[in-house]
Amino acid sequence: MSVPILSVENLTKTFGHQVAINNVSFNVYEGEIFGLLGPINSGKSAILRAITGSLIPDKGTIKVNDISYKENYIEAVKNISGFITLPKLYNYLNGLKNMRLLAGLHEKYADSVIVNAAQIVGIEHLLKVKARTYSLAERQKLCIATAIATDPKLIILDDPFAGLNAKELKDMQDLIKHLANKYKITFIISSQMLGHMEDICTNIAIINNGTILETRSMESLKMDSIRDSKLAFTVDYPNYAGKIIYNEFKCRVQLCGSRILAYISADNKDKILDRLKSYKITVFKTDVVTKSLQQLFEEVLQQKAINKSWIGEYN
């Protein structure tokens, strides 16, 4: 396997008795969009701040492009760009001057680099416009263009979707996917909403109380959603039909009026339909009911909290 763009091992940070980051480890590879997913105050921003160098961990190792922070911090962070909080722009300056200041680029060679980055992000029209007229989405995109201008290996974005409307959210997701796919830029993004991440992230780390509960590929999470599906049948004799499904397919059955929920794989749908019809039961409607990814995320948080409380009882 190739060397990860970012490697985090056993990262820990405490503030007095409060643990902000609890022995966190994960890897991020080139072109990947890696998501840090967790509730408010779960430790996402603390982890990102440690990666950018604005928060010094108590212990642990961070490597960027196989360069350790402990061995050569300056060289390592040259490969990183992005923003933990959206920086304030100078409203009386245009986009070009704001980007020049944010990127720390000298005027002699900044403009061509900035124009190219703005074209990649699709905001070249903002370069001559004063920042006071920008929407939140335009400010976000200008900051991403600024990050690109420094030619990083890794871009860090802390909740880049907050405050965006539905169209702006879709545009931002499409932009991040485009940059990762076409330019092989690696991203770490954070959010408390799985719905913001499910269409763009390749892998996610689920975080709570400073601890990574699970690291999963988004594909495996979607497969779990399918595996946890159940079949719903609307029939004329639900009690009778429910007993047939229960006895012959050995699965849990729940009655909801004229609707039957069978907790069984969707692959069995045709077999169940054939059996019900053989008993002269009329099936009016059939549905596959799946758990949303957000439900699976919330279940992980809840299950880990339960496990933690059990440990506490026995200790």
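View 1. Asp-159 sits in the loop that links strand S7 (154-158) to helix H6 (166-183); helices (H or I, at least four residues) and strands (E, at least two) are DSSP runs, numbered from the N terminus. This is a predicted model, in which local features need pLDDT of at least 70 and side-chain atom pairs count only at pLDDT 80 or more, while totals for chains, interfaces and linings use all residues. Residues are numbered from 1 along each chain as its sequence is written, and side-chain values use heavy atoms, with hydrogens and water left out. Phi of Asp-159 is positive, near 50 degrees, in a residue other than glycine. Asp-159 is partly exposed, with a relative accessible area of 25%; buried means under 20%, exposed over 50% and partly exposed in between (1.4 Å probe, protein chains only).

**View 2. Another non-glycine residue with positive phi: Asn-41.** Here we look at the loop between strand S3 (33-37) and helix H1 (44-52), where Asn-41 lies. Its phi is about 60 degrees, although Asn-41 is not a glycine. Asn-41 counts as exposed because its relative accessible area is 76%.

View 3. Within H3, the buried residues include Gly-95, Leu-96 and Met-99.

**View 4. A nonpolar surface patch.** Together, Tyr-90, Tyr-92 and Leu-101 form a nonpolar patch on the surface, with about 360 Å² of accessible area. Areas come from the Shrake-Rupley method with a 1.4 Å probe, and for residues only the protein chains shown count as cover. Tyr-92 belongs to the loop between strand S6 (80-83) and helix H3 (95-103), and Leu-101 to helix H3. Leu-101 is exposed because its relative accessibility is 52%.

**View 5. The largest nonpolar core.** This core has 44 residues, and Phe-187 is one of those with the most contacts inside it. A nonpolar core is a set of buried Ala, Val, Leu, Ile, Met, Phe, Trp, Tyr and Cys residues joined through side-chain atoms within 4.5 Å. Helix H5 (residues 136-149) supplies the largest share, seven residues.

Note on methods
Patches are made of residues with over 30% relative accessible area and no salt bridge: like charges are joined within 9 Å, nonpolar side chains (Val, Leu, Ile, Met, Phe, Trp, Tyr) within 5 Å. A salt bridge is a side-chain nitrogen of Lys or Arg within 4 Å of a carboxyl oxygen of Asp or Glu.
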